[in-house]
Amino acid sequence: ALVEAGALPCGLGARDALRIEAGLPLYGHEIDDTTSPVEALLMWAVKLDKGSFTGSAHIAEVKASGASRKLVGIVLKERIIPRQGYNLVVNGEHVGTVTSGVFSSARNAGIGMAYISAQHAGAGSIVEVEIRNNRYPAEVVPKKSLLIR
């Protein structure tokens, strides 16, 4: 009925582009059983003061000590796409890993989400994405800033 009304079918590529531009995590990419909501920046969904629950002690510990890594957005300076599993490097040192990436037609650039060491997670930081034995510069941005607003 939607196609008959003029809608065009789309697939997972379109879904991924939209969710990455919006900075929305996907289970199996940005979050899994080993991810803390502190490092994934999902504490808005966790209420530690509402009582004990499975994992609450660990989450409280990570929150108190600070996460060693953070989920951030990255925008590449060149027209190349960061893909899941690509390494992030600063001064030759591995500092993070891309969790999702896509070409954003809204930005006309490759964008993605990545876990990066907390010390390099500040907005405006420059990292290099290793893609097929080459390194490409990317700027760290807040997840909510992946889509130009």
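1. Apart from neighbours within four places in sequence, R83 is in contact (heavy atoms within 4.5 Å) with V98, G101 and V102. The model is predicted, so to speak of local features requires pLDDT of at least 70 and side-chain atom pairs count only at pLDDT 80 or more, whereas totals for chains, interfaces and linings use all residues. Residues are numbered from 1 along each chain as its sequence is written, and side-chain values use heavy atoms, with hydrogens and water left out.

2. R83 is placed in the loop between strand 1 (69-76) and strand 2 (87-90). Helices (H or I, at least four residues) and strands (E, at least two) are DSSP runs, numbered from the N terminus. R83 counts as partly exposed because its relative accessibility is 39%; buried means under 20% relative accessible area, exposed over 50%, and partly exposed in between (1.4 Å probe, protein chains only).

3. A polar atom of the R83 side chain lies 3.3 Å from the backbone oxygen of G101. The C-alpha atoms of R83 and T97 are separated by 9.4 Å, the two residues being 14 apart along the chain.

4. Six strands form a closed barrel in the order 1-4-3-2-5-6, with antiparallel pairing. From one strand to the next the twist averages 45°; axes are lines fitted to C-alpha atoms, for helices over the stretch in contact, and angles run from 0 to 180 degrees between N-to-C directions. Two strands pair if DSSP finds at least two bridges between them.

5. Eight bridges pair strand 3 with strand 4 in the antiparallel sense, and V98 stands opposite A114 in strand 4. Strand 1 is joined to strand 6 (residues 134-141) by four bridges, again antiparallel, with I74 opposite V140.

6. Strand 5 (residues 126-131) and strand 6 run antiparallel and are joined by six bridges; V127 has A138 as its bridge partner in strand 6. These two strands form a hairpin with two residues between them, and R132 in the turn has a positive phi of about 45°.

7. Helix 1 lies across strand 3 and strand 4, at about 125° to strand 3. Its buried residues are A17, R19, I20 and E21, and the buried residues of helix 1 pack against strand 3 (93-104) and strand 4 (109-117). G23, which follows helix 1, has a positive phi near 75°.

8. On confidence, pLDDT is the predictor's confidence in each residue, from 0 to 100. The chain averages 93, and 99% of the residues score at least 70. Among the elements of the chain, helix 1 has the lowest mean pLDDT (89) and strand 2 the highest (98).

Definitions and conventions
A polar contact is a pair of N or O atoms within 3.5 Å; within protein, one must be able to donate a hydrogen and the other to accept it, and residues adjacent in sequence count only if both atoms are side-chain atoms.
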